[in-house]
Amino acid sequence: MGEDDFREAIARWYKVRFNMDFDPNEEISNVIGGKEGVANIARAFINPGDIVLCPNPGYPVYENGATKLSDAKPYSMPLLKENNFLADLDSIDREILKKAKLMYLNYPNNPTGAIAPKEFLKKAVDYADDYNFYIIYDNPYSEFTFDDYIAPSILQIDPNHVEINSASKMFNMTGFRCGWTVGNKDIIEGLRKIKSQIDSGCPKFIQRAVIKGLNEYKSEKKPEIIERTIKTYQRCRDILIKGLNDIGWTTDKPQATFYIWTQIPKKYRDISCMDFVKKLIEIGVVITPGIGFGQYGEGFVRFALTQPEERILEAIERISTLIN
Ligand SMILES: Cc1ncc(COP(=O)(O)O)c(C=O)c1O
């Protein structure tokens with residue numbers, strides 16, 4: 001799936017960005033945004049009753065669109081603050097691991113903003129080898145990183161798994177619906193078969209626009225067109241983090257993504273994150289309750305840095321009147 005020149009551009013990008021070689025014909029497919037790839041890979045590989053390991057809190061499509069709609073069973077891997085929001089792989093029951101067919105992982109992470117050290121990825125790959133499952137590494141925030149942090153690809157650890165990425169965050173092209181899957185050729189082939197009976201791919205002119213963007217890469221460093229956008233979000237991140245901490249809402253600074261994930265203020269810990277969010281809505285501030293990303297998101301909320309600086313400052317002032 002995808003035009004020849006699109007798949008070749010993805011192969012070139014992996015070479016320049018991650019120093020890896022992939023065959024554009026067998027190891028790369030276009031998808032209509034990462035979301036479609038996340039869901040349809042499961043459709044291609046999951047049988048009713050199979051277990052799929054999913055991060056929780058996590059992008060809801062792993063548990064719902066991918067797993068439950070394939071009549072499979074999600075197993076939630078809690079992403080806890082005390083573990084830097086990394087899945088605690090050692091705590092997963094051996095019987096569950098034996099039955100697992102896929103594991104979704106996503107770092108830089110939505111909703112927590114966490115990043116994963118390479119040792120964690122190595123450990124995940126070792127588990128996948130030992131228990132014979134595939135990792136679907138959802139990496140749409142690979143370029144959405146701050147403070148000189150450069151996010152890895154899981155394929156650098158083991159090219160036998162699959163990585164999904166898209167133009168949505170990288171080039172602010174969410175509405176254009178263009179993404180790609182790279183890696184294990186059996187999985188790519190399965191995905192292509194499924195897609196050939198469901199859709200006819202992303203429009204050619206959009207694929208061409210994405211090629212142009214990807215060709216801006218000359219090394220693993222972000223090209224200027226992306227760096228400029230990231231700097232804007234970095235300023236918003238710094239304003240929000242400083243603002244929240246100044247008004248007494250202790251919040252850590254993430255090194256990636258445009259999300260700020262934080263525990264609800266101490267004063268409100270006896271109510272649910274949903275009820276806390278409702279209080280904010282009453283003063284005109286809309287953020288996402290953590291429970292929307294799974295049960296382990298309870299007690300947290302997610303801010304999205306997708307507003308101009310003045311509105312973020314205004315939101316902080318309003319929040320201050322509520323919590324102080
Ligand atoms: C973790 C994660 N995966 C996948 C997606 C889907 O992105 P798209 O389908 O726009 O490529 C998103 C979008 O919010 C996301 O946060």
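Author: Start with Asp147, in the loop between strand S5 (134-138) and strand S6 (162-166). The model is a predicted one. Asp147 has a positive phi of about 55°, although it is not a glycine. Why stop at such an angle? Most residues other than glycine have a negative phi. Buried would need under 20%, and exposed over 50%, so a value in between counts as partly exposed.

Move to Phe85. This residue sits in the loop between strand S3 (73-78) and helix H4 (94-99). Phe85 is not a glycine either, yet its phi is positive, about 60°. Is Phe85 buried or exposed? The relative accessible area of Phe85 is 12%. The limit for buried is under 20%, so Phe85 is buried.

Next come the peptide bonds. Most peptide bonds are trans. Look at the bond from Asn56 to Pro57: that one is cis, with omega near 5°. Pro57 belongs to the loop between strand S2 (51-56) and helix H3 (62-67). Then go to Tyr107 and Pro108. The peptide bond between them is cis too, with omega near -5°. Pro108 lies in the loop that runs between strand S4 (100-105) and helix H5 (118-131).

Now turn to the ligand. How many residues surround it? There are 14. The closest are Asp138, Tyr141, Ser166, Ser168 and Arg177. By type, the shell has four nonpolar residues, six polar ones and four charged ones.

In the side chain of Asp138, an N or O atom lies 2.5 Å from a nitrogen atom of the ligand. In the side chain of Asn110, an N or O atom lies 2.7 Å from an oxygen atom of the ligand. Lys35 takes part through its backbone: an N or O atom there is 2.8 Å from a ligand oxygen atom.

How much of the ligand does the protein bury? Taken alone, the ligand exposes 400 Å². The protein buries 92% of that. Which elements give two or more residues to the shell? They are helix H2 (34-45) and helix H6 (167-170).

Conventions. Residues are numbered from 1 along each chain as its sequence is written. This is a predicted model: local features need pLDDT of at least 70, side-chain atom pairs count only at pLDDT 80 or more; totals for chains, interfaces and linings use all residues. Side-chain values use heavy atoms; hydrogens and water are left out. A residue is near a molecule or strand if one of its heavy atoms lies within 4 Å of it. A polar contact is a pair of N or O atoms within 3.5 Å; within protein, one must be able to donate a hydrogen and the other to accept it, and residues adjacent in sequence count only if both atoms are side-chain atoms. Accessible areas come from the Shrake-Rupley method with a 1.4 Å probe; for residues, only the protein chains shown count as cover. Helices (H or I, at least four residues) and strands (E, at least two) are DSSP runs, numbered from the N terminus. Ala, Val, Leu, Ile, Met, Phe, Trp, Tyr, Cys and Pro count as nonpolar, Asp, Glu, Lys and Arg as charged, and the others, Gly among them, as polar. Buried means under 20% relative accessible area, exposed over 50%, partly exposed in between (1.4 Å probe, protein chains only).
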